[in-house]
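Subject: Structure for your review

Hello,

The structure you asked for is below, followed by notes on what was found in it. Please read the notes with the model open.

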Amino acid sequence: MIKSKKSIHGLPVYQPGKPLEEVRRELGLERIIKLASNENPFGSSKAVWKAIEQGKDSLQLYPEGSAPDLREKVAEHLEVDPRRLIFGNGSDEIVQMIASTYLEPDTEAVMADLTFPRYETVTKIEGAIPIQVPLKEGTHDLEGMLAVITEKTRVVWICNPNNPTGTIVGREELESFLDQVPDHVLTVLDEAYAEYVTDSSYPDSLSLLDYNPNIVVLRTFSKIYGLAALRVGFGVAHPDVVTELNRVRDPFNLNRLAQLAASAAVEDQTFVFYCRNQNESGRKQITGRLDQLGLFHYPSHGNFILFDTGFPANDVFQFLLHRGVITRSGEGLGFPTFLRVTIGSKDENEAFLKELESFLEEHKC
Ligand SMILES: Cc1ncc(COP(=O)(O)O)c(C=O)c1O
């Protein structure tokens, strides 16, 4: 067999949350609730459906590589210069583009030890070295991250809110960190869950871009906009950084339907507002019950909650799965007794809590 490049030897294949269709096939259950992948339980804006319908007559045409219409709408919504935007086939692709652009063998990328796993994977693919800094009480340890920056460091990944803990780093802490990061380092602020955050200490990272050319802010249409299937994410950065990233971008990376759908979605902020409010009530619904049950959870700022079941995570995961509730076991996330549960609709949350309570009842000592 032809040898693959050395840097990818031993890389794990990404393990996604269990797909709904697979569980239905395997277990033959009628009602399945998927709270495993931080997807939007309220679907997507109705405006999106119409936009996709309009796209059906142009499927034979390549999309416009620079996504001009979407670029204009996102720029207007965020009040940023359109030249600061770069779009990707999900923010996953931008994570990959950042690594291809800035990392190579003998360089380093700094990240938390328990965070979104793609940062480590893309770093390794480029033959660069991931430097992992342990979370402090579930939160990024920015001082610890500063302390490991060297001449070799090219990228620092900060996931805010952090997946899987849901914690945030606040404005003051982040600004003090950025003031001390040397000029040869790009700081990536992955804000996939930004629209769900209601805490007033959360940084307005886009305003930081005006005077710091070494930041990339990542956002996605997969979460609050409910377009995970279509794969649209974007980065906001200094135009010079965008120029560099564009060198490695696939020419037609954002498909035509995705561009149409995201353009319609960004214009429907009423839907986003609704989802944020529902998520906030769902968060209270779940954390309130976890508190009553005496189960520790990290302070959640996204659309998911990481909590300690007190039992081997896979056992609780399997129990819930066989009752039609798909969650994410903490086993593969570095939290062997925790589950990560996506905040669903009120009914879905209730069904999850009921099954969790049954598990705890059956396993009472
Ligand atoms: C922190 C974080 N960043 C990026 C992504 C990737 O999102 P996308 O669907 O835009 O590729 C996710 C997806 O779960 C995520 O949790």
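The lining of the second largest pocket divides into eleven nonpolar, three polar and five charged residues. In this classification Ala, Val, Leu, Ile, Met, Phe, Trp, Tyr, Cys and Pro are nonpolar, Asp, Glu, Lys and Arg are charged, and the others, Gly among them, are polar. The model is predicted: local features need pLDDT of at least 70, side-chain atom pairs count only at pLDDT 80 or more, and totals for chains, interfaces and linings use all residues. Residues are numbered from 1 along each chain as its sequence is written, and side-chain values use heavy atoms, with hydrogens and water left out.

The second largest pocket holds about 330 Å³ of space. Of the 19 residues that line it, His77, Leu78, Glu195, Leu206 and Arg219 lie nearest its centre. At least two lining residues come from each of helix H3 (68-78), helix H8 (205-208) and helix H11 (269-293). Helices (H or I, at least four residues) and strands (E, at least two) are DSSP runs, numbered from the N terminus.

Pockets and cavities were found on a 1 Å grid over the protein atoms alone: a cavity is a set of points where a 1.4 Å probe fits but cannot get out, a pocket is an open set with protein on both sides within 12 Å along at least five of seven lines, and lining residues have an atom within 4 Å of a point. Grid points are joined across faces, edges and corners, and a volume is the space filled by probe spheres set on the points.

The whole structure has one cavity of 30 Å³ or more. The volume of the largest cavity is about 50 Å³. Its lining residues are four nonpolar, four polar and two charged, including Arg71, Asn246 and Arg249. Strand S2 (residues 85-88) gives the most to this lining, with three residues.

The domain assignment (bounds from an automatic or database assignment) gives domain 1 (6-42 + 270-362) and domain 2 (46-268). Their C-alpha centres are 24 Å apart. Across the boundary, 27 residues of domain 1 are in contact (heavy atoms within 4.5 Å) with 27 residues of domain 2.

A nonpolar core here is a set of buried Ala, Val, Leu, Ile, Met, Phe, Trp, Tyr and Cys residues joined through side-chain atoms within 4.5 Å. Buried means under 20% relative accessible area, exposed over 50%, and partly exposed in between (1.4 Å probe, protein chains only). The largest nonpolar core has 50 residues, and those with the most contacts inside it are Leu70, Val74, Phe177, Phe221 and Val236. Helix H10 (residues 256-267) gives the most to this core, with five residues. The core lies between domain 1 and domain 2, because both give residues to it. Setting aside neighbours within four places in sequence, Val74 touches Leu85, Phe87, Phe221, Phe234 and Val266. A second, separate core of 26 residues includes Val23, Leu35, Leu290 and Leu321.

Two single residues remain. Leu146, in helix H6 (residues 142-147), is buried with a relative accessible area of 18%. Beyond four places in sequence, Leu146 is in contact with Phe177, Gln180 and Val181. Cys159 lies in strand S5 (residues 153-159) and counts as buried at 4% relative accessibility. Again beyond four places in sequence, Cys159 is in contact with Thr115, Phe116, Tyr119, His140 and Asp190.

Regards
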